[in-house]
Structure formats: C-alpha cells, structure tokens
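Thank you all for coming. Please take a moment with the sequence and the model on the screen before I go on.

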Amino acid sequence: CHLADHFFYKKDYPKALGLLANADPAASAEERARLAFLQAKIAHVQGQHDEAFARYLQAAKLDPRHRAAQFGLGQLYLQRNDLASAIKCFGDLIEAEGGDKDGSLVDARLLLGVLLVQRFCEPGDTELLQRGGSLLSALPASHLQDPTARLALAVYLETRDPRRAIDLYEAVLAERPALMQSSWQRMANLAALYLTVNRVEDAEATISAITDEAALMDPALAFL
C-alpha cells in the first residue's frame, strides 16, 4: 500500500493500480479500506467519479473511522449536486470526531458551513444559519482566504457584526469582483450594510453599480 501510494504521488497511476491489484485479499478490513481509498483517489484525480464514489464508499464501509474516505464521499456528493447528502456526510464526519476538537477536519467544516449558510438557508431558517455561521466563525484565518467562505460568513454576520460583514464583502469585491458582482443580491446586501453604518456615499455608489449592470443586461432599465 505504501509503495502504491508512492507511485500515486508520482502520478504513475497504472503502476499504483497494478500494485493494488496484487494486494493480499486476506488483509484486515482496515488495510483493505486503505487500498480502496487509494483506488478512489486515483479514480478521482482522473475524473472517473462513479468509480471514485464506489471506492470511497467501499473504504468507508470497511473502516467507518476512515476520515478521508468520508470526506471524499462528501466532495463527490457536491460534484453530483446532491447537497442534502453532502451536508449529512460532512456533518456526520465532524460529529463522529466529537466536533473536530483538534481542528483536523477544517476543510469539512468549511464546506459544511458554506453549504448551510449559502445553499440551504431558506428565509427565516435561523437554525441552519446559526449552525453554518458558527462553523465558519471558528475557522482559522488562513481558510477564510477562500472567497466562497468569506461570502457565506458575511451573510451570517450581516445582522451580528455589520462592519465585519462589510470587510468580508469588500475583500471579495477587491479580489474577485466578477464573483461579487454576479449576484445583485450580494451587492444589494452590501449597499444596505453601508447604510447601516452610515456610509451613504458608498451605498449610493454600490446601488449605481447595480443599476448600471442592470442597464447593460436590459436597456429598458437604463433610466431607472
């Protein structure tokens, strides 16, 4: 398994798979889980998502404590746009580790937090918003460089810490303007936050940017 892993990192996938094919069928469940996980990783990086999913699932069944296999399943649920299953997968993974007290599942917490805040929070669903926001708030600063995480945390902080929410929105606007400007709702939220902290000129400029973009998409809106 270690030698196959070596060839995986050297990107010699045929050699790695050849070694795995000759593995001892009488090996322990834990060892077979490691083999299935490596097969899953090879399939995953090669874009063979169905095969990767089956192997991640096999690894997780053989060894329910295999964190990386559970995380891989969650990633592929996302790739399939099966958001409910992704949320359950990441949530179960974190819960199984006692809330991830040692911080080793930070990527799972990031993805789960973003999903809960941005994709599964219907208006008024404060329980999901609170759960997702709490996960994101506890992330190390290094993981909040991710623009998607910043946007999700900004949504959570809009009514809790408007100035911090503004900082997050502005960071994304500066670094990834297309991502921020692709949503009128995000820009409108930023304008409303500016008004909350009495930054009237910034609010007016943001509203103007929204209407200019609207006019480009529909000239009938140019005089609104």
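Predicted model: local features only at pLDDT ≥ 70, side-chain atom pairs only at ≥ 80, totals over all residues.

Are Phe-53 and Tyr-77 buried or exposed? Both Phe-53 and Tyr-77 are buried, where buried means under 20% relative accessible area and exposed over 50%, with partly exposed in between, for a 1.4 Å probe and protein chains only. Residues are numbered from 1 along each chain as its sequence is written, and side-chain values use heavy atoms, leaving out hydrogens and water.

Now to the aromatic pairs, of which a search of the whole structure finds three; rings of Phe, Tyr and Trp (its six-membered ring) pair if their centres lie within 6.5 Å, and planes under 30 degrees apart count as stacked, over 60 as edge-to-face and the rest as tilted. One of them joins Phe-37 and Tyr-56, a tilted pair with 5.9 Å centre to centre and 45° between the planes. Phe-37 sits in helix α3 (residues 29-45) and Tyr-56 in helix α4 (residues 49-62), so this pair ties together parts 19 residues apart in sequence; helices here are DSSP runs (H or I, at least four residues), numbered from the N terminus. Phe-37 and Tyr-56 are buried as well.

The rings of Phe-53 and Tyr-77 have centres 5.3 Å apart and planes at 75°, so that pair is edge-to-face. Because Phe-53 lies in helix α4 and Tyr-77 in helix α5 (residues 67-79), the pair ties together parts that are 24 residues apart in sequence.

Definitions and conventions: Helix = DSSP H or I, 4+ residues; strand = E, 2+ residues; numbered from the N terminus.
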